[in-house]
Amino acid sequence: GKVHLNAGPSIAYTLSGNVKTEAQSKSMTFDQSGEGFIRFDAGIQIGGGYTLPMANKYFLLDIRYLHGLTNVSNVHQIYNRGIVASLIVLKPAKVKRSEKG
């Protein structure tokens with residue numbers, strides 16, 4: 001197996017979402033007035049993982065931490081934070097060799 005590390009910039013665009021409080025849940029609004037949110041977010045990420053070869057496949061476990069650097073709210077100070085875990089199965093593609101004539 002092989003260990004890997006990764007780090008770098010992150011860009012996100014929010015399509016939709018909900019704002020949840022103890023009393024209610026409502027859809028996010030993306031306007032410049034009131035309690036609107038900002039769709040774009042920029043941040044940094046850092047993580048690592050492990051690749052395990054098995055038969056003719058590879059299993060890759062990747063874990064990353066995302067730290068948003070931009071305020072995503074027009075009213076409050078809100079920054080995105082997140083942990084992402086991925087399990088990826090890779091299988092090498094079959095290459096079809098052409099015959100030379």
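Biologist: What makes β4 and β5 count as paired strands, and in which sense do they run?

Modeller: In this predicted model, strand β4 (residues 40-54) is joined to strand β5 (residues 57-68) by 12 bridges, and the two run antiparallel. Pairing requires at least two bridges found by DSSP, so β4 and β5, with 12, are a pair.

Biologist: What makes the phi of Ala55 worth a remark?

Modeller: The phi of Ala55 is near 50°, which is positive, and the residue is not a glycine. Most residues other than glycine have a negative phi.

Biologist: Why is Ala55 called exposed?

Modeller: The term exposed applies over 50% relative accessible area. Ala55 has 90% relative accessibility, and therefore counts as exposed.

Biologist: How do you know that β5 also pairs with β6?

Modeller: There are 10 bridges between β5 and strand β6 (residues 81-90), in the antiparallel sense. The requirement is at least two, so β5 and β6 pair as well. One of the bridges links Leu60 to Ile88 in β6.

Biologist: What is the strand order of the sheet, and which strands are at its edges?

Modeller: The sheet is open and has four strands in the order β1-β4-β5-β6, with antiparallel pairing. β1 (2-13) and β6 are called edge strands, as each pairs on one side only. From one strand to the next, the twist averages 20°.

Biologist: What volume does the largest pocket have, and which residues line it?

Modeller: Its volume is about 150 Å³. The lining consists of Val19, Thr21, Gln24, Lys26, Ser27, Met28, Thr29, Glu35, Phe37, Ser73, His76 and Ile78.

Biologist: How does the lining of the largest pocket divide by residue class?

Modeller: The lining has four nonpolar, six polar and two charged residues. Lys and Glu count as charged, so Lys26 and Glu35 belong to the charged class. Val, Met, Phe and Ile count as nonpolar, which means that Val19, Met28, Phe37 and Ile78 fall in the nonpolar class.

Conventions: Residues numbered from 1 in each chain as written. Predicted model: local features only at pLDDT ≥ 70, side-chain atom pairs only at ≥ 80, totals over all residues. Heavy atoms only, no water. 1 Å grid on protein atoms, 1.4 Å probe; cavity = no way out; pocket = protein on both sides within 12 Å on 5 of 7 lines; lining within 4 Å. Points joined across faces, edges and corners; volume = space filled by probe spheres on them. Buried < 20%, exposed > 50% of the residue type's maximum accessible area, 1.4 Å probe, protein only. Axes fitted to C-alpha atoms, helices over the stretch in contact; angles between N-to-C directions.
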